[in-house]
Amino acid sequence: MDLAAQFGSHDAEWLGAMAEVARSGRYVGGNEVKAFETEFAAYCGSKQGVAVANGSDALRLSLLALGIGTGDEVVTVSHTFVSTVDAIVHAGASPVFVDIDPSTFTMDPVRLAEAMGPRVKAVIAVHLYGQSADMAPLLEVCQEAGIPFIEDAAQAHGAEYQGRRCGSVGKIACFSFYPAKNLGALGDGGIVTTDDPDLAESVRSLRQYGTTTDRYRHERVGWNSRLDALQAAVLRRKLRFLDEWNNARRSLAGCYGRGLGAVEGIVVPMEAPGRRHVFHLYCIRTPLRESIRTSLDSAGIETGIHYPIPVHRQPAYARVRFRAGRLPETERAANEVLSLPMYPELGEQSVEYVCEAVRSTFAR
Ligand SMILES: *Cc1c(COP(=O)(O)O)cnc(C)c1O
């Protein structure tokens, strides 16, 4: 991933915005942060946006604002970035892992229904690799149980489900602006989106030491999890290009699909009906992962594995109480997924070069 390429394409404008913040004397909070919150929430089709320090905090603050805590269970997937599950543990609750749908790598609604129980107080679905989870049946299970549905949209800025953007469907949604995400800051950042003004207010209070309107009156125990004005200024300007960048990712994915779709031993990512995939990652699956990786490496092509160890098998989770049934698709995905280069500035020629290198592994 070449992150500097993106900055280079617009550096004069973005450096100008940063200089304005530097001269303004308002470095925490202020207009840039407020404007970004409004603009990003509107982009998602959501009423409220509360900017925070990173995506992990967005998840943890959401759970706390929803009143999730000790003795509660939260259902999620084990095939995700560990942060999704860490948030549950940090809130004092226990994770319940359910398996994924192998065609989309997102939570299997049938498995969710099976995992429900009296202590389950929320569900976090992850829109992994840039594709929305199948939210309608997941929401139905949550509505039946009367519990909130949380979107981990950290990999899905601009992705859509049945015509709605991710971040506007669940009770609350969490985004990260880590530099490598589809919308990335020049450092860390995150946001929570919701239509519920009270919930937004709780997150706003918790991200600022538990204060409300009265600066030194603390209604609850919070911490400091704010987004810097500098980051907000850059993110506002980058947001205007998000659709263009996502379109570029989609067209590169099309190019990969044409180059690799017919190769036996490789399954290219599919876009499920009614969903708009934004290809945060271009993740193929193959039982020949190691040999492909090795041959790409010798051709100077970097690859990644997202993620090699499911959360329930992480050493950190050996000491965590969680509930899990069998997770065969999660285990299989961890053994077979391989992420090929993907970022908006990559270019079709590079994709063709990668495809050729993959095909030549098979020729050998
Ligand atoms: C990146 C990511 C997070 C965490 O975001 P940070 O900003 O790095 O804290 C959480 N969940 C998923 C699925 C992610 O990809």
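# Close-up views of a predicted model

**View 1. Helices α10 and α13 are roughly parallel to each other, because an angle of about 30 degrees lies under the 35 degrees at which that description ends.** In this predicted model, α10 covers residues 242–260, and its axis and that of α13 are 9 Å apart. As the two helices pass, they form a right-handed crossing. On the α10 side the contact is made by S251, L252, C255, Y256, R258, G259 and L260, and on the α13 side by E348, V351, E352, V354, C355, V358 and R359. Sorted by class, the residues of this contact are eight nonpolar, two polar and four charged.

**View 2. Helices α11 and α13 pack at an angle of about 125 degrees, and they are therefore oblique to each other.** Helix α11 spans residues 289–298 and helix α13 spans residues 348–363, with 9 Å between their axes. The crossing of α11 with α13 is right-handed. From α11, the residues S291, I292, S295 and L296 meet V354, A357, V358, T361 and F362 of α13. The contact of α11 with α13 contains six nonpolar and three polar residues, but no charged ones.

**View 3. Eight strands make up an open sheet with mixed pairing.** Read across the sheet, the strands follow the order β1-β11-β10-β7-β6-β2-β3-β14. Because β1 (48–52) and β14 (323–324) stand at the edges and each has a single partner strand, one side of each is left without a neighbour in the sheet.

**View 4. Helices α4 and α8 lie against the strands of the eight-stranded sheet.** Helix α4 (residues 55–65) packs on the sheet and touches β1, β2 (73–77), β6 (120–126), β7 (149–152), β10 and β11 (190–194), while its direction makes about 160 degrees with that of β10. Helix α8, formed by residues 197–206, lies across β1, β10 and β11, and it runs at about 15 degrees to β1.

**View 5. Helices α4 and α5 cross at roughly 40 degrees, and their axes come within 9 Å.** Helix α5 is made of residues 83–90, and its crossing with α4 is right-handed. The contact brings together S56, L59, R60 and L63 of α4 with S83, T84, A87, I88 and H90 of α5. In this contact of α4 with α5, four residues are nonpolar, four are polar and one is charged.

**View 6. Three strands form an open sheet with antiparallel pairing, in the order β9-β8-β12.** The edge strands, β9 (164–165) and β12 (275–276), each pair on one side only. Strand β8 (residues 160–161) and β9 run antiparallel and are joined by two bridges; in one of the pairings, E160 has R165 of β9 as its bridge partner.

**View 7. The confidence of the prediction can be followed along the protein chain, whose mean pLDDT is 97.** In this chain, 100% of the residues reach a pLDDT of 70 or more. Where pLDDT is low, predicted coordinates should not be read in detail.

How values were computed:
Residues are numbered from 1 along each chain as its sequence is written. This is a predicted model: local features need pLDDT of at least 70, side-chain atom pairs count only at pLDDT 80 or more; totals for chains, interfaces and linings use all residues. Side-chain values use heavy atoms; hydrogens and water are left out. Two strands pair if DSSP finds at least two bridges between them. Helices (H or I, at least four residues) and strands (E, at least two) are DSSP runs, numbered from the N terminus. Axes are lines fitted to C-alpha atoms, for helices over the stretch in contact, and angles run from 0 to 180 degrees between N-to-C directions. Angles under 35 degrees count as roughly parallel, over 145 as roughly antiparallel, 65 to 115 as roughly perpendicular and the rest as oblique. A crossing is left-handed if the near helix is turned anticlockwise from the far one by less than a right angle, and right-handed if clockwise. Contact means heavy atoms within 4.5 Å. Ala, Val, Leu, Ile, Met, Phe, Trp, Tyr, Cys and Pro count as nonpolar, Asp, Glu, Lys and Arg as charged, and the others, Gly among them, as polar. pLDDT is the predictor's confidence in each residue, from 0 to 100.
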